[in-house]
Amino acid sequence: DHYDYGMRAVKSIIVAAGSLKRAEPETEELLLTMRAIKDVNLPKFTQEDIPLFDGITQDLFPGLKLPEPDYGSLSTALQDAAVGQGLEEVPAFLSKCVQLWETLLVRHGLMLVGETFSGKTKVLNTLRNALTSLKDDPSGLYAAVALYTLNPKSITMGQLYGQFDDISHEWTDGVLAVTYRVAATANPVERQWVMFDGPVDAIWIENMNT
């Protein structure tokens, strides 16, 4: 139900392909296109749907084999960050961290979806710690991350987004508005992540869309 094949998804693929082309101008464009399609779409799929997606990409690009990408210092930093949290360096877990990073490069907002205790928070924190440890990397691709965590279900909608008092006619900013203001005035060199950590329901998510 969370798959999106609208124009927004197409734009994300185009953005990713453009970034890859600028980074690797000598690489064959078919390879870059295939990699962009996989980088943008693969993180969305459930385990059962990945073989179907692989079959579709093989039909679209017959005989084309995608080389294993080299993430260099990021791979090492992710492994160190995982160990630093008392986790094992399981390839599937590190792969999810990389997928989250690739999604962040083409989207300014996203959702981490999964069962309870499936590792969503650990993936986020591992990537955050890895990027922060690479803030002085000579490539300039990474930056320290400031994380602001909110639980949207722990307070009322007025407390979360702000509310107007009918008696005093005063507006009171919500927790989110205050958090965004802090993030907007923070160190511009750092990445600012605002995380809504809690179950999704139609009320707070639709208010955010508005």
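**Exercise 1.** Determine at what angle helix 4 and helix 5 pack and how far apart their axes are.

Solution. Helix 4 (residues 73-84) and helix 5 (residues 91-106), both taken as DSSP runs of H or I with at least four residues, pack at an angle of about 120°, and their axes are 10 Å apart. The axes are lines fitted to C-alpha atoms over the stretch in contact, with angles running from 0 to 180 degrees between N-to-C directions. Angles under 35 degrees count as roughly parallel, over 145 as roughly antiparallel, 65 to 115 as roughly perpendicular and the rest as oblique; helix 4 and helix 5 are therefore oblique to each other. The residues that meet, with contact meaning heavy atoms within 4.5 Å, are Leu 74, Leu 78, Gln 79 and Ala 82 in helix 4 and Phe 93, Leu 94, Cys 97, Val 98 and Trp 101 in helix 5. This set divides into eight nonpolar residues, one polar and no charged.

The model is predicted, so local features need pLDDT of at least 70 and side-chain atom pairs count only at pLDDT 80 or more, whereas totals for chains, interfaces and linings use all residues. Residues are numbered from 1 along each chain as its sequence is written, and side-chain values use heavy atoms, with hydrogens and water left out.

**Exercise 2.** Find which parts of the chain are tied together by the pair Glu 24 and Arg 35.

Solution. A salt bridge requires a side-chain nitrogen of Lys or Arg within 4 Å of a carboxyl oxygen of Asp or Glu, and by this rule the count comes to six. One of these joins the side chains of Glu 24 and Arg 35, at 3.0 Å from N to O. Glu 24 lies in the loop between helix 1 (7-23) and helix 2 (29-41), and Arg 35 in helix 2, so the pair ties together parts that are 11 residues apart in sequence. Arg 35 is buried, with a relative accessible area of 18%, whereas Glu 24 counts as partly exposed at 28% relative accessibility.

Notes:
Helices (H or I, at least four residues) and strands (E, at least two) are DSSP runs, numbered from the N terminus. Ala, Val, Leu, Ile, Met, Phe, Trp, Tyr, Cys and Pro count as nonpolar, Asp, Glu, Lys and Arg as charged, and the others, Gly among them, as polar. Buried means under 20% relative accessible area, exposed over 50%, partly exposed in between (1.4 Å probe, protein chains only).
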